Amino acid sequence: MIYTKEPRKKKSKIPIVMKKDSSVKDIGKKLFKNLKEIEEVKLWGPSSKFQGQKVKLSHQLKDSDTLEFKIK
């Protein structure tokens, strides 16, 4: 289960259920019509090296990760 959050707010209480080893790109495809809208992605959780880490679309996610998308 992956969570999302808006800038300067807490994470959502409703998770997005994804397959094991899903990437940030897989979540982006579910949330946005066009991946080119995504300017930056920050990550909190077990797959990050530090909290609020900027990651690429190819980053592999782990259960309980939280993503913050910045769009254009």
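So, the largest nonpolar core: in this predicted model, that core has 12 residues in all. The members are Ile2, Ile16, Val24, Ile27, Phe32, Ile38, Val41, Leu43, Val55, Leu61, Leu67 and Phe69. Three elements each put in at least two residues, namely α1 (24-31), β2 (38-44) and β4 (66-71). And which one gives the most? That's β2, with 3 residues.

If you click on Ile27, have a look at what's around it. Leaving out anything up to four places away in sequence, Ile27 touches Ile2, Ile16, Met18, Leu61, Leu67 and Phe69.

Okay, on to the charges. Side chains of opposite charge can pair when their charged atoms come close. Searching the whole structure turns up 4 salt bridges, and I'll show you some of them.

Take Lys70 and Glu39, whose side chains meet at 3.7 Å, N to O. Lys70 is in strand β4 and Glu39 is in strand β2, so this pair ties together parts that sit 31 residues apart in sequence.

Next up, Lys54 and Glu40, with their closest N and O atoms 3.1 Å apart. This one also links distant parts of the chain, with Lys54 in strand β3 (residues 53-55) and Glu40 in strand β2, 14 residues apart. Lys54 counts as exposed, at 56% relative accessibility, while Glu40 is partly exposed with 21%.

And one more for the list: Glu6 and Lys9 form a salt bridge through their side chains, 3.7 Å from N to O.

Methods. Residues numbered from 1 in each chain as written. Predicted model: local features only at pLDDT ≥ 70, side-chain atom pairs only at ≥ 80, totals over all residues. Heavy atoms only, no water. Core = buried A, V, L, I, M, F, W, Y, C linked by side-chain atoms within 4.5 Å. Buried < 20%, exposed > 50% of the residue type's maximum accessible area, 1.4 Å probe, protein only. Helix = DSSP H or I, 4+ residues; strand = E, 2+ residues; numbered from the N terminus. Contact = heavy atoms within 4.5 Å.
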